[in-house]
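Colleague: I would like to learn how to read a model like this one. Please take me through it feature by feature.

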Amino acid sequence: MTTTLANPAEKLLFEVSKPGRRCLRLPALDVPKVDVKSALKGAKLRAKPAVLPEVGELDLVRHFKNLAQMNFSVDRNFYPLGSCTMKYNPKINVTLLSLPGFTKAHPHLPEADLQGHIELMCTLESWLSEVSGLPAVTLQPAAGAQGEMTGLMVIKAYFEEKGEGKTRRKVIIPDNAHGTNPATAALAGFETVTLKGKADGSVDLDLLKSLVRPDTAAMMITNPSTLGIIEPRMVEIAKILHDAGAQLYMDGANMNAIQGVVRPGDLGVDVMHFNLHKTYSVPHGSGGPGAGPIAVAKHLEPYLPYPRPMKTEKGYTLANPNPKRTIGKVRSFFGNYGALVMAYIYMSQLGREGVRRNGENATLNANYLRAKLRGVYHIQNDKACAHEVVFTDAFQHKDGGPSALDIAKRMIDYGIHPMTIYFPLPAVTGGHGAMMVEPTETESKETLDYFVEVMKKIAQECKENPDLVKAAPHTTPVSRVDEKKATTNPQLYCAMCIA
Amino acid sequence: MPFIQNTDADRAEMLKAIGVRSIEDLFADVPANLRIRMDDKGKLKLPPGKGELEVTRHIQDLLSRTKNAGDYAYFRGGGIYNHFVSTVVDHIALFDGSFITAYTPYQPECSQGTLTFIYEFQSAICALTGLEVSNASMYDGASALAEAMMMGKHLAEDRFRKEKRNAFVLAGAINPEYAQVVQTYADVAGIKVVRVPNGADGRIDKQALAKALNRKAFAVAVQSPNYLGVIEDVEAVVAAAKEPELIVIQAVGEALSLALLQSPAEAGVDICIGEGQSLGNHQFLGGPAFGFFSAKKDWLRKMPGRIVSETTDKDGKRAFSLALATREQHIRREKATSNICTNQSLCALRALIHLSAWGKEGFVELAEHTVAKTQYAMKALSAVPGVSLVYPGAPVFNEFVIQATPGLEKKLLKKKVVGGLPIDKYGKGRRGQYLVAITEVTTKQEIDRYVEALTEAMKGKPVAV
């Protein structure tokens, strides 16, 4: 599982650049050459050309192939990064996506030429609607965070039309929520109210009741929670909110565990977002692009962003059925269509059985790790978990022993990408450093067993040779990186780029 | 089973290790009456799963009901452009799993590949814009402008604590997609969006601008080249914004224009955002691509998005890592200025490969070819009887507006020409106007075909006013 690592002395493209080198040539100009200055008369031109690298194709390719070797990735490494759902991304996704029918699909093509694309969007919407148990879907949001934003905008528009826009100003968010939830609520113009979760991460119903008031617009809940636990009282939570006239938003970041097992709409959820890059295998791309469609209950449909793909008697069309009520647009054109195509291809392969099977095996794999590492690492809530299990460093990080960070770094030496650490925040993990492990359904039992062996070995190292762990990693092109310095003394570009 | 490697025997063994009888037991927290069972076909109406061969056929079938820019002589842009993408880009970014199947580089020791390319990308954007800070990319040009607006608002709140500045000025012809997204974000943030029209020359109406730029506003945005193709005098906007102390944002719809035009830093803007699709990203009906976002270094602490910095490892060796995370949502939660938590790294990687593959000289040459072809197309199309340029004499880079008559599309399609984009909905008096876009992919032969088809289509048509 260990990787051969590339020469760390690899230079930056800007440093290997040499005047006169280049990769690409243009065809001979087939129209009369023009003098740019006179052709663009009246426009101000730049004084000097931008300092871009000048490299040959071999050096360019080799540069990136060397960088590739300095990266852990799902294709080469077990990558149990909690809350990120780093599952295998089937190769067919990118192969089909690179067909010219997709790569050269311009958004302003005549609608008659987009029929197959709009059909794909309609079908994908119907599938997400099925899985969510909610009747209407928009594919426009470009990411989960933008899905959250869109969802809250829709809720806001709904209350404004009801004449409650001014009074319903607050959004309730559990303290174990991902940071995007409160950030989104604030950007959407709401005040946030923090709901302290119970020790197991579930919602305290009495506390919730005391917080829900006539000024409550919505509650945002992550289910399964960021502690990897399925919220057992979703139906009751929805009732408390609905009785007060408020809405229930579900962050679907952890949908991988419950897809095909239960439909959030059946639990009383009014709005949810999907992270197609988590649940439906759109590759994570070193941080993006992804897609964050939202599904909504019937009463919220009129407020969805436009254009909406629709089937009519004359064929497929992109329409704006509610021009007065829609929130508008959150992204240009139709969202991250290329990402939607990959999710569509993946869901086509899963089908009904596959959706359920993924949920089951994701849950099984996480629980297997929980069972096998019980006693080796502290588990705050040792009960059946969903797609991920949260360990802490309580057993190791005492009397100056290695911390979650050290343990994570040591995993790298065994060819495994570290799990998510220090999230959920220590405030909700008893003050201990969280180590959140999400194996996903695509990993084999053998890989999980290897992981278990590695984690046991590291636990032993923490006792017998703590300095080895604290100095990890030892096998990477760079040793422990000074992240603090990156912030206190930021160097954000090659000096030669700006004269 | 597709993508599942656990065998039935594995599952049995794992359940035993967990100490439960069935997987169903692990879902005890889901109310039993709401749980979907495998035999419960009514609850989840999805089709049965297909194999790779079947899915490939299905996708080909869907695509048989589409046409793409490559099927035509194609003259539409409006924010997304039909550029050539080098095979090198796809080989590295799409088909090599090393970048596409990695995540945000939280653990720098095993993510130096990603961190290095992001640093190089930031450097390339700095080179193009001349501004010192670039983030690791946003969703698209439109939402990047919305984020710039929010950043401008936060900057103004810090700088002018006693002033209630709540207006955001969109000056001149802004891409309607951008304006729509900005409006959506502004609505919930309680920001008033003020539009300044363009004048008869296609550029910002200077008198209207002077009126709109006052101390009620916190920022002004100008797109150049603007939606109608005309290159704006960004420097003049900066000058007009000086006295009322506004943040000036430049939006760039066609990133290739930065190869030739005055750089945003030379013009003196505070923030420059733009659509990055032109830089090595496929069209995909408009996404995914990325928005670039750069600013003067003074504004670093309010920047949205991920930022990578050079640093060192514990042995003093050069290394890269994410930086300044305290700006971001996972630390600041409801006090964050943006909720952005991922970025469009892979699209940024494509841009970096594209810019490096063309290189310093090649990128300029690409822009020069575009200008030459645009000039040729402008002359040829405006020579068609009944057709004229809407902004004759205005400086344009790759797009321009012609006045013809409405409803010409079908006639052009018969000749396999997708002519300029009808912009009658863009404002009053635009009936029969078309926004024509040119790229390096456009050939003289295609332009001539457009001219021929347009000539025929215009025969016998009264000239529209």
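Colleague: What is the mean pLDDT of chain A, and what share of its residues reach 70 or more?

Modeller: pLDDT is the predictor's confidence in each residue, from 0 to 100. For chain A the mean is 95, and 98% of the residues reach 70 or more. Over residues 1-6 of chain A the pLDDT is below 50, although this stretch has 17 contacts in the model beyond near neighbours in sequence. Two residues are in contact if their C-beta atoms, placed from the backbone, lie within 7 Å. This is a predicted model, in which local features need pLDDT of at least 70 and side-chain atom pairs count only at pLDDT 80 or more, while totals for chains, interfaces and linings use all residues. Residues are numbered from 1 along each chain as its sequence is written, and chains are lettered from A and ligands numbered from 1 in the order in which they are written.

Colleague: How many helices and strands are there in chain A?

Modeller: Helices (H or I, at least four residues) and strands (E, at least two) are DSSP runs, numbered from the N terminus. Chain A has 17 helices and 13 strands. Its radius of gyration is 25 Å, close to the 23 Å that the globule rule gives for 499 residues, so chain A is as compact as a globular protein of that length. That radius is taken over C-alpha atoms, and the rule is 2.2 Å times the number of residues to the power 0.38.

Colleague: What percentage of the residues in chain A are buried?

Modeller: A residue is buried if 20 or more other C-beta atoms lie within 10 Å of its own, exposed if 12 or fewer, and partly exposed in between, with C-beta atoms placed from the backbone. In chain A, 61% of the 499 residues are buried.

Colleague: How many residues of H7(A) are buried?

Modeller: In H7(A), 15 of the 18 residues are buried. Helix H7 (residues 144-161) of chain A reaches 26 Å from its first C-alpha to its last, close to the 26 Å expected at 1.5 Å a residue. The expected span is 1.5 Å times one less than the number of residues. After H7(A) comes Gly163(A), with a positive phi near 80°.

Colleague: How many residues does each chain give to the contact?

Modeller: Chain A and chain B each put in 171 residues. On the side of chain A that touches chain B, helix H13 (residues 337-373) of chain A gives the most, with 22 residues. That side divides into 96 nonpolar, 44 polar and 31 charged residues. Here Ala, Val, Leu, Ile, Met, Phe, Trp, Tyr, Cys and Pro count as nonpolar, Asp, Glu, Lys and Arg as charged, and the others, Gly among them, as polar.

Colleague: Which peptide bond of chain B has an omega of about -10°?

Modeller: Most residues other than glycine have a negative phi, and most peptide bonds are trans. The bond joining Ser224(B) and Pro225(B) is cis, with omega about -10°. Pro225(B) sits in the loop between strand E5 (217-223) and helix H9 (234-242) of chain B. Another cis bond joins Gly287(B) and Pro288(B), with omega about 5°.

Colleague: Is Ser83(A) buried or exposed?

Modeller: Ser83(A) is buried, with 21 other C-beta atoms within 10 Å. Its phi is positive, about 70°, although Ser83(A) is not a glycine. In chain B, Ser137(B) also has a positive phi, near 105°, and it counts as buried with 32 C-beta neighbours inside 10 Å.
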